[in-house]
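Below is a short exchange about how the terms used for a protein model follow from their cut-offs.

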Amino acid sequence: MNRQEVATLLGAASAVDPKVPQPDPDVLDMWAAILDDVPAEVGADAVREHYRHHAETVMPADIVEHWRAVRRDATERRHRAELTARARQLDENGLRAIRDGITRVSAALAAARGIDPEHAEADARRAFLAVPCPYCRAQPGDRCTGPGGRPLTKTTAHPARLDAAFAAMTNQGNQ
Ligand SMILES: [Zn+2]
């Protein structure tokens, strides 16, 4: 906050607190020096919060403390957002592991049945087609469809269908 902003702040505070210092040059110099890194809107917010809870006159330290709390909250919010993003990344890694697992399981099944492992990929593709898609409701034998009912082009099937196929193949493998 600069001297002008401090003067505005003290003027506003004096409306609720007659003991607020008069904005003479020395007062403005001191307050502006102490609050030089505090944004004006945070200062105004700090004064409002102060007089909502306290009867005594606001001091620069109250405003600095409020500014510290605001920054601490922002840091915590950022930290939480990072944790959420990391959890989401783990989910995607988990899905990729399941997809890898399908390929491994289908290769193992192919070997157990005496099928050429080269056909394992085709076998895996058939495995997706053997179960309905819980996401887009594609029936067994039909490809997954995206918006507008067009077949998916970037992926083989919806992750939910891959999960279902994996579960089906794992059960099959246990029998
Ligand atoms: Zn689907």
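Q: What percentage of the 175 residues in the protein chain is made up of buried residues?
A: In this predicted model, where local features need pLDDT of at least 70, side-chain atom pairs count only at pLDDT 80 or more, and totals for chains, interfaces and linings use all residues, buried residues make up 18% of the 175 in the protein chain. A residue is buried if 20 or more other C-beta atoms, placed from the backbone, lie within 10 Å of its own. Residues are numbered from 1 along each chain as its sequence is written.

Q: What makes up the secondary structure of the protein chain?
A: The chain has 6 helices and 0 strands, in the pattern α-α-α-α-α-α along the sequence, where helices are DSSP runs of H or I with at least four residues and strands are runs of E with at least two, numbered from the N terminus.

Q: Why are α1 and α2 called roughly perpendicular to each other?
A: The axes of α1 (residues 3–14) and α2 (residues 25–34) come within 9 Å and cross at roughly 105°. Angles of 65 to 115 degrees count as roughly perpendicular, and the pair is therefore described in that way. The contact is made by Arg3, Val6 and Ala7 of α1 and Leu28, Trp31 and Ala32 of α2, contact meaning that C-beta atoms, placed from the backbone, lie within 7 Å.

Q: Why are α1 and α3 called roughly parallel to each other?
A: Helix α3 (residues 40–53) packs with α1 at an angle of about 20°, with the axes 10 Å apart. Angles under 35 degrees count as roughly parallel, so α1 and α3 receive that description. In their contact, Glu5, Leu9, Ala12 and Ala13 in α1 meet Ala40, Gly43, Ala44 and Val47 in α3.

Q: What makes a set of residues the largest nonpolar core here, and which elements give two or more residues to this core?
A: A nonpolar core is a set of buried Ala, Val, Leu, Ile, Met, Phe, Trp, Tyr and Cys residues joined through C-beta atoms within 7 Å. The largest such core has 11 residues, including Phe128, Cys144 and Leu162. The elements giving two or more residues to this core are α5 (120–130) and α6 (159–174), and the largest share, 4 residues, comes from α6.

Q: Which residues are included in the second, separate core?
A: This core of 10 residues includes Val6, Leu35, Val47 and Ile63; of these, Val6 is also one of the α1 residues in the contact with α2, while Val47 is one of the α3 residues that meet α1.

Key
Axes are lines fitted to C-alpha atoms, for helices over the stretch in contact, and angles run from 0 to 180 degrees between N-to-C directions. Angles under 35 degrees count as roughly parallel, over 145 as roughly antiparallel, 65 to 115 as roughly perpendicular and the rest as oblique. Two residues are in contact if their C-beta atoms, placed from the backbone, lie within 7 Å. A residue is buried if 20 or more other C-beta atoms lie within 10 Å of its own, exposed if 12 or fewer, and partly exposed in between; C-beta atoms are placed from the backbone.
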